[in-house]
Amino acid sequence: MATMIETGAPDRQIFSAGAAAPIELISLTHDYGSRLALDHLSFTVQPAEIFGLLGPNGSGKTTLFRILSTLMVPSGGTARIQGFDAAREPNKVRQQIGVVFQERSLDLKLTVAENLRHQGHLYGLSGSLLKTRIQDSLNRVALADRAGDLVETLSGGMQRRVELAKCLIHSPGLLLLDEPSTGLDPGARRDLWQYLRLLRDEEGVTVLVTTHMMEEAEHCDRLAILSEGKLVALGSPFDLKSQIGGDVVLFETASEETAAQLAGKISDRFLVTAKALGKTVRLEREQGHRFVTEVVEAFPGVVEGVSVSKPSLEDVFIRRTGHRFWTEKTTGEN
Ligand SMILES: Nc1ncnc2c1ncn2[C@@H]1O[C@H](COP(=O)(O)OP(=O)(O)OP(=O)(O)O)[C@@H](O)[C@H]1O
């Protein structure tokens with residue numbers, strides 16, 4: 001994946017030269033009364049990249065998604081889509097985007113083609129042009145042979161692909177997908193990502209996905225990681241993880257108090273930054289396995305469990321925010 005990003009990115013940048021960015025956020029802010037949901041977000045999404053918005057519950061993904069899809073006007077700052085202001089020029093923006101919401105938007109009692117036909121009519125398409133677009137859209141998601149079937153007879157994964165075909169009917173350059181893998185089994189997820197990559201590679205479509213799943217975020221070319229409405233990290237999954245040196249080492253202890261004490265002792269003795277997260281002590285270190293032995297020998301009887309691993313996106317989140325991606329209240333959802 002990393003190699004593909006490295007070789008693909010320069011081409012995409014050449015492709016983007018001179019054109020308006022698919023998405024440009026300038027100090028974008030939104031509050032719901034006293035609650036600040038988006039806090040001065042600024043970043044740009046490049047043409048023909050799959051861009052992920054990753055964040056835990058309440059980080060602001062849905063709020064941003066609703067602003068980009070013109071369902072909501074931000075309280076401050078600017079969101080531009082292909083150069084158009086999402087708040088001031090919503091109709092122009094809608095022509096540029098295809099949106100797939102989490103909730104199903106298909107009519108189960110109609111056929112696949114009928115669903116697409118209705119969508120085409122909403123965009124002013126008709127006659128032979130609409131017919132061609134329906135055919136093309138279904139070809140793109142490998143469902144042309146199911147055009148005449150009732151949607152209710154398709155599997156969940158196929159229905160998700162019809163949603164994708166539906167949002168492609170007016171040939172948008174930018175797709176906005178809200179938690180696209182929700183409810184899909186692993187095989188259907190793989191298929192979905194394969195179609196997104198095809199759209200990116202063969203048609204230069206830009207894709208923005210929101211997700212709270214690390215494994216899904218790993219598929220993206222670049223990510224914006226949000227926490228409490230703030231941008232805490234921006235970059236490719238590979239680069240973000242590379243910024244964390246060595247291994248991530250976790251020591252489990254019996255209590256939060258023990259973890260806090262152990263973190264202090266490890267920091268003092270070994271001159272590393274060890275942090276207590278609940279009952280766990282976390283640190284980053286080259287040669288993690290060797291270091292584990294040193295710590296266990298130095299502080300006998302305190303460590304109840306150990307893990308050593310390569311940095312993950314969760315580690316990036318912890319490094320940038322100082323807390324876990326999933327708090328005690330939300331664990332179990334991931
Ligand atoms: N209609 C609303 N009224 C008041 N506060 C809201 C409203 N919608 C969202 N919020 C608050 O704004 C913040 C961001 O919420 P948002 O739904 O954008 O997060 P999210 O990242 O999409 O979360 P999730 O993954 O749970 O969908 C949260 O603190 C949430 O409680």
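Axes here are lines fitted to C-alpha atoms, for helices over the stretch in contact, and angles run from 0 to 180 degrees between N-to-C directions. Helices (H or I, at least four residues) and strands (E, at least two) are DSSP runs, numbered from the N terminus. The model is predicted: local features need pLDDT of at least 70, side-chain atom pairs count only at pLDDT 80 or more, and totals for chains, interfaces and linings use all residues. Residues are numbered from 1 along each chain as its sequence is written.

The axes of helix 6 (residues 156–167) and helix 7 (residues 186–203) come within 9 Å and cross at roughly 20 degrees. Helix 6 is therefore roughly parallel to helix 7 (angles under 35 degrees count as roughly parallel, over 145 as roughly antiparallel, 65 to 115 as roughly perpendicular and the rest as oblique). Helix 6 contributes Gly-156, Gly-157, Arg-160, Arg-161 and Leu-164 to the contact (C-beta atoms, placed from the backbone, within 7 Å). Helix 7 contributes Ala-188, Asp-191, Leu-192 and Tyr-195.

Four strands form an open, antiparallel sheet in the order 12-13-11-14 (strands pair if DSSP finds at least two bridges between them). Strand 12 (275–277) and strand 14 (305–309) stand at the edges, each with a single partner strand, so one side of each lacks a neighbour in the sheet. Neighbouring strands are turned by 25 degrees against each other on average, direction ignored. Strand 12 and strand 13 (residues 280–285) pair in the antiparallel sense over three bridges. Ala-276 stands opposite Val-281 in strand 13. Helix 11 (residues 288–298) packs on the sheet and touches strand 11 (247–252), strand 13 and strand 14.

Conventions:
Two residues are in contact if their C-beta atoms, placed from the backbone, lie within 7 Å.
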